[in-house]
Amino acid sequence: MSMRSQIYAWNSQAGTAWTNTQTGTATSIFIGGVGNNITKPAETTATQFVVIEDVAVSPTAFNVSAEASLGVYYRGLEQGGEVASPNGVYGNRAYIQVRINTTDYFLDPDNVGNDGIPGAASPYPRSTDFQPCFNLYPDVYVLPGQVFDALVTTYQDSAFTGATATVLDNQLSAFMKYTLYDGPDALIANKLLEMGISINPGNVDWYKRTLIQSQTAAPMPTA
Amino acid sequence: MSMRSQVYEWSNLATATNTSTLRRTVNAVPQLVPINREYDIFIGGIGNNITKPAETTATQFIVIEDIACSAYMGGAIQVRINTTDYFQNPDVTDQSGVPGLASPYPRGSSDSTAVDATTDYVQLLKSFDLYPDIYVLPGQVFQILYSCSSVLQGTAATNTVVVAAFVKYTLYDGPDALIANKLLELGVTINPNNVDWYKRTLIEQQQRSRVAAVATNGGSA
């Protein structure tokens, strides 16, 4: 019986490092084989309920192409493709998509799955230089027994210009914040879902109080 | 049946041989956007585009909650529903919409493309909040139009400025779209909380009528 705030932070250069071959390909931050991974796909058991409250990925900045006077860096982000043709995009041009079972959460207006949230809209880490203009509301619910994933896609080749592809240049990171409801709290989360009430710790506590109050108000059984 | 937070990001990046591409491409290069013309970020023929005009089906309802664009080069962003521009001048004439200076994308970006110690000190915050939201009713077409008033050119004629635009909206689908329509009829603001509230009201009504039916039948269901 618990509600626990959880996070998962991913860095592309931990473990097997990200290389240019991954550019343009959606890569799982859990089991994608790049960066820090976990042992199996992220999923909920029959007694768990997950509410994803935030996703974020490395930021991107836009400027002018082939502008030698600008240099290679802008606000700490390195311009990709700098050797051949600098295109004025600084950072990895990264996006993060949430997938539940086999369904992508974020769609284009033509109802085709897209790359997800841009790092320019939901940057990780956040700073005064790179601020969010997106918040994940309504939250994303992962029901008991579902598999969930977060997929990072980048479009800036040669983002890691260092010969050893270290994190010194364009550090590609992603972040997910979620709340894990377990045991009876997961049952309550399901009940709230049926009732059309947003699932958050405050409402789960409210439902518990309601149950306790209804038990207390029930008449005492006669002998 | 769902309410889903959605985003669409556009930039004037495409391949070296095409001014626009479906979805995004690796190693894209910036494309010039002619000045003082409005370009649909969905199907305008510049940058990353989608397959067809953005529209809602009979079972969808969209609430646009935020729009933003690059703050430099006189960038501005307008919303058009069917053929009607949302932002107008007080004399009901056309305007280019919300300036990127008021709603910059990315947040915290500069108002200038010049990058050196003396000019890159501006970290813009938003001074515009899209409230009330913009509703796109079932069956309507909507466009997000980007325009710039300065030529997207760097210090050299061959250098092109990268610009971007962003829209955040919530997509209500199926029964939730019906509820959104009902809320619109009732004059209640459409947001996830109010849709949930309407669902709870329906459930409570059902429960009450069930209890009343039991009472009418003398205690048997």
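Residues are numbered from 1 along each chain as its sequence is written, and chains are lettered from A, with ligands numbered from 1, in the order in which they are written. In this predicted model, local features need pLDDT of at least 70 and side-chain atom pairs count only at pLDDT 80 or more, while totals for chains, interfaces and linings use all residues.

**View 1. The open sheet of chain A.**
Four strands line up in the order S1-S13-S3-S11 (chain A), with antiparallel pairing. Strands are DSSP runs of E, at least two residues long, and helices are runs of H or I, at least four long; both are numbered from the N terminus. Two strands pair if DSSP finds at least two bridges between them. S1 (2-11) and S11 (140-142) of chain A each have a single partner strand, so they stand at the edges with one side lacking a neighbour in the sheet. Neighbouring strands are turned by 25° against each other on average, direction ignored. Axes are lines fitted to C-alpha atoms, for helices over the stretch in contact, and angles run from 0 to 180 degrees between N-to-C directions.

**View 2**
S1(A) pairs with S13 (residues 173-182) of chain A over 10 bridges, in the antiparallel sense. Here Ile7(A) stands opposite Lys177(A). S13(A) also pairs with S3(A), antiparallel, over 9 bridges. Ala56(A) has Phe175(A) of S13(A) as its bridge partner. S3(A) and S11(A) form an antiparallel pair over 3 bridges, in which Val51(A) is partnered by Tyr141(A). Of the 10 residues of S3(A), 7 are buried, so the rest of the structure largely encloses this strand. A residue is buried if 20 or more other C-beta atoms lie within 10 Å of its own, exposed if 12 or fewer, and partly exposed in between, with C-beta atoms placed from the backbone. Helix H1 (residues 184-195) of chain A lies across S1, S3 (48-57), S11 and S13 of chain A, at about 95° to S13(A).

**View 2. The loop between S9 and S10 of chain A.**
Gly113(A) sits in the loop between S9 (103-104) and S10 (117-118) of chain A. Gly113(A) is partly exposed, with 15 other C-beta atoms within 10 Å. Beyond its neighbours within four places in sequence, Gly113(A) is in contact with Asp104(A) and Leu107(A). Contact means that the C-beta atoms of two residues, placed from the backbone, lie within 7 Å. Asn111(A) lies in this loop between S9 and S10 of chain A. Its phi is near 65°, a positive value in a residue other than glycine. Most residues other than glycine have a negative phi, and most peptide bonds are trans. Asn111(A) counts as partly exposed, with 13 C-beta neighbours inside 10 Å.

The bond from Tyr124(A) to Pro125(A) is cis, with omega near -5°. Pro125(A) is in the loop between S10 and S11 of chain A. In chain B, the bond from Tyr131(B) to Pro132(B) is cis, with omega near 5°. Pro132(B) is placed in the loop between S10 (98-99) and S11 of chain B.

**View 3. The open sheet of chain B.**
The order is S1-S13-S7-S11 (chain B), an open sheet of 4 strands with antiparallel pairing. S1 and S11 (134-136) of chain B are the edge strands, each pairing on one side only. The twist averages 25° from one strand to the next. S1(B) and S13(B) pair in the antiparallel sense over 10 bridges, and Trp10(B) stands opposite Ala165(B). Helix H1 (residues 175-186) of chain B packs on this sheet, touching S1, S7, S11 and S13 of chain B, and its direction makes about 95° with that of S13(B).

**View 4. Chain B against chain A, with helix H2(B).**
The contact takes 48 residues from chain B and 46 residues from chain A. S1(B) gives the largest share of the chain B side, 8 residues. H2 (192-216) of chain B is among the elements that give two or more residues to that side. The 25 residues of H2(B) should span 36 Å at 1.5 Å a residue, and its end C-alpha atoms are 36 Å apart, which agrees. The expected span is 1.5 Å times one less than the number of residues. H2(B) is hardly covered, with 2 buried residues among its 25. Gly218(B) follows H2(B) and has a positive phi, near 70°.
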